[in-house]
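Please read this short briefing alongside the sequence and the 3D view shown here.

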Amino acid sequence: MDQAERLRNIIKKQQYQPEVAPPMSRVITVTSGKGGVGKTSVSVNLAIALSRLGKRVVILDADFGLANIEIMLGIRPQFNLADLMFRGKSMRDIITYGPEKIGFISGGSGINEMANLNKTQIVDLVQKMSELDQLADIIIVDTGAGIGNSVLEFVAASEEVLLVATPEPTSITDAYALLKSLNRNSTYQKTQTVVELIANQVRGNKDADELHEKLGVVVNKFLNIDIEFLGAIPYDDNVSKAILRQEPVVLSAPNSAAAKAIMEIAAHIGETELPQTGQGWGIMRLFTGVIRMKFGRNNKN
């Protein structure tokens with residue numbers, strides 16, 4: 001029995017299955033093929049917009065080594081995921097709350113260290129992470145940019161992926177490269193993952209339509225992946241001004257074009273159910289998949 005198989009058995013033994021299953025969070029992973037396309041800004045503003053619609057939202061900053069969420073909010077968290085895993089902190093301890101009651105969790109070094117957990121630590125993490133499903137209706141996972149292992153692990157294990165891209169040719173090319181790498185991942189299941197495109201920084205409907213057409217047609221033809229168009233966010237100087245002030249644009253300029261577009265996207269998310277299950281699968285399914293991939297990759301090295 002290899003290490004990955006032992007991991008599956010450990011997690012399976014720890015899963016409690018009551019007669020009536022408790023509600024699970026809807027986990028949305030936000031990613032991009034390259035940096036500089038506004039991925040984290042979309043994550044933070046979307047979280048606030050969903051909170052305004054009555055959803056309990058928590059963001060997990062899964063961009064190892066870069067504290068993008070806390071910088072954008074201007075809030076320094078006291079604890080992070082590593083404190084949950086190794087220093088006896090609870091899930092409630094490591095959640096920091098920001099504007100509009102959104103919570104966020106700093107990944108810290110915990111993301112990469114998941115591959116080095118022993119049996120006791122895996123069981124402990126499974127139990128602690130399950131608490132998050134009771135604390136949030138929607139969990140937004142803000143990944144790093146690019147096609148590194150840490151990004152692909154979260155994307156491949158996700159039930160719902162928001163791919164942020166701009167009309168720039170490099171952004172389109174890198175978004176395709178991300179999906180191509182995802183398609184090659186042995187754990188990725190097309191039928192279990194919804195990929196949705198957010199066209200960011202567009203200068204009119206034509207830009208948005210062309211971006212969706214260019215990326216969607218190529219991805220469908222060569223990768224057999226369907227990309228749903230979730231919405232477009234126009235180029236807006238208010239966004240860059242908000243970032244400099246460390247204040248989300250939906251708060252600093254709620255009547256701006258970008259803020260209104262984000263609210264529309266949030267409303268669409270709030271009104272729709274996932275086609276696979278009709279409800280979220282929960283954070284533990286995501287983390288179970290990520291840990292398995294990390295273990296599997298380490299076994300090959």
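Is threonine 40 buried or exposed? With a relative accessible area of 8%, threonine 40 is buried, where buried means under 20% relative accessible area and exposed over 50%, with partly exposed in between (1.4 Å probe, protein chains only). This is a predicted model, in which local features need pLDDT of at least 70 and side-chain atom pairs count only at pLDDT 80 or more, while totals for chains, interfaces and linings use all residues. Residues are numbered from 1 along each chain as its sequence is written, and side-chain values use heavy atoms, with hydrogens and water left out.

**Threonine 40**
- Threonine 40 lies in helix H2, which covers residues 39-52; helices (H or I, at least four residues) and strands (E, at least two) are DSSP runs numbered from the N terminus.
- Apart from neighbours within four places in sequence, threonine 40 is in contact (heavy atoms within 4.5 Å) with Asn68, Ile69, Met72 and Asp142.

**The chain**
- The chain has 15 helices and 8 strands, and buried residues make up 51% of its 301 residues.
- Of the contacts in the chain with a separation of 6 or more, 82% are between residues 24 or more positions apart.

**Helices H10 and H11**
- Helix H10 (residues 169-184) packs against helix H11 (residues 205-223) at an angle of about 25 degrees, with their axes 11 Å apart; axes are lines fitted to C-alpha atoms, for helices over the stretch in contact, and angles run from 0 to 180 degrees between N-to-C directions.
- Residues of H10 including Ile172, Tyr176 and Leu179 meet residues of H11, among them Leu215, Val218 and Phe222.
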